[in-house]
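Hi,

Here is the structure I promised to pass on. Have a look at it first, and then read my notes below.

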Amino acid sequence: MACDGCTTSSKLDFDFSMAFQPIYDAIDNRVWGYEALVRGLSGEDAHEVLSKISPEQMYRFDQDCRVKAIELASRLFPAGEDLKLSINFMPNAVYEPAACLRATLRAARQFDFPTSAIMFEFTENEEVSDTAHLTNIITEYRKHDFTTAIDDFGAGHAGLGLLVEFQPDLVKIDMKLIRGIDTSPARRAVVAGIVSISEALGITLLAEGIETEAEFLVLKAAGIRLFQGYWFARPAFEELPPIHRWSAPGVPAVA
């Protein structure tokens, strides 16, 4: 199937929107960006929305998610702030990288949203059997100044093999590796290895799913800069939620 202006795929028979969850920069003590998370119009979670998609609608849904995220971010992001918009994408829904970016680039122009502020990350737990195709996608995305990211690293299908094939700008360490890391020497050892590899490859690390201060402090001490999780803020439907920022002694926390 060719992807030409989103005209060849089945239209969606349901509506959806986005919730936003902040990504925290522990070095600069600020919000680095926000991830756009698909939600139903009545607050249904991503799993419930995704369960409605037929194989014929996969491409259309992927494209519509990008446009909806950019539209909302252009309205919600404060003017003049250097923030990233993180959008999940489906590699298996991308037929030809350049053609499949048309709707994204058109939305960026329409809503005056800079492409350099957009980060694309792999959809959770999607297996990509054709790594050459994925490499072509990443190469094309970088031509437009998009940031690229691997989600759920260390669990599911995202592993060291993807880092061998290409080096993304950012890697999100899966929450299964960091849950309870403050009491797990094994998890600390694995994360230390990921930190070392990422430093050698020039890749930024983000720890997702942070739920306790103890997890955050251990990971920050390990050299991780970016964080995301309920301990900082839960996703907010079509809003940018306030964030609890950990701060160094003498620096007031901001709620």
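**What I found**

Let me start with a loop: Asp 145 sits between helix 4 (131–143) and strand 5 (147–153). Helices (H or I, at least four residues) and strands (E, at least two) are DSSP runs here, numbered from the N terminus. Before going on, a word on the source: this is a predicted model, in which local features need pLDDT of at least 70 and side-chain atom pairs count only at pLDDT 80 or more, while totals for chains, interfaces and linings use all residues. Residues are numbered from 1 along each chain as its sequence is written, and side-chain values use heavy atoms, with hydrogens and water left out.

Back to Asp 145: is this residue buried or exposed? Asp 145 is exposed, at a relative accessible area of 51%. The scale is: buried under 20% relative accessible area, exposed over 50%, and partly exposed in between (1.4 Å probe, protein chains only). Apart from neighbours within four places in sequence, Asp 145 is in contact with Thr 115 and Ser 116, where contact means heavy atoms within 4.5 Å. Asp 145 and Ser 116 are 29 residues apart in sequence, yet their C-alpha atoms are 4.9 Å apart in space.

**The chain as a whole**

The protein chain has eight helices and nine strands. Of its 255 residues, 50% count as buried. If you take the contacts with a separation of 6 or more, 66% of them are between residues 24 or more positions apart.

**Helix 2 and its partner**

Helix 2 has 19 residues and reaches 27 Å from its first C-alpha to its last, close to the 27 Å expected at 1.5 Å a residue; the expected span is 1.5 Å times one less than the number of residues. Its buried residues are Tyr 59, Arg 60, Phe 61, Asp 62, Gln 63, Cys 65, Arg 66, Ala 69, Ile 70, Leu 72 and Ala 73.

On the helix 2 side, the contact is made by Gln 63, Arg 66, Val 67 and Ile 70, and on the helix 3 side by Ala 103, Thr 104, Ala 107 and Ala 108. These residues divide into five nonpolar, two polar and one charged. An α-helix has 3.6 residues a turn, so residues three or four places apart point the same way.

- Phe 61 lies in helix 2 and is buried, with a relative accessible area of 2%. Beyond residues up to four places away in sequence, Phe 61 touches Leu 12, Phe 14, Phe 16, Val 38, Val 49, Leu 50, Ile 53 and Met 90.
- Val 38 is in strand 2 and is buried at 12% relative accessible area. Among the contacts of Val 38, leaving aside neighbours within four places in sequence, are Phe 16, Val 49 and Phe 61.
- Phe 120 is in strand 4 (residues 118–122) and is buried at 1%. Contacts of Phe 120, again leaving aside neighbours within four places in sequence, include Arg 66, Thr 104, Tyr 141 and Phe 146.

Which residues have a positive phi without being glycine? One is Asn 29, with phi of about 55°, in the loop between strand 1 (16–25) and strand 2 (30–40). Another is Asp 152, with phi near 55°. Asp 152 is found in strand 5 and is buried, with a relative accessible area of 6%.

Key
Nonpolar A, V, L, I, M, F, W, Y, C, P; charged D, E, K, R; others polar.
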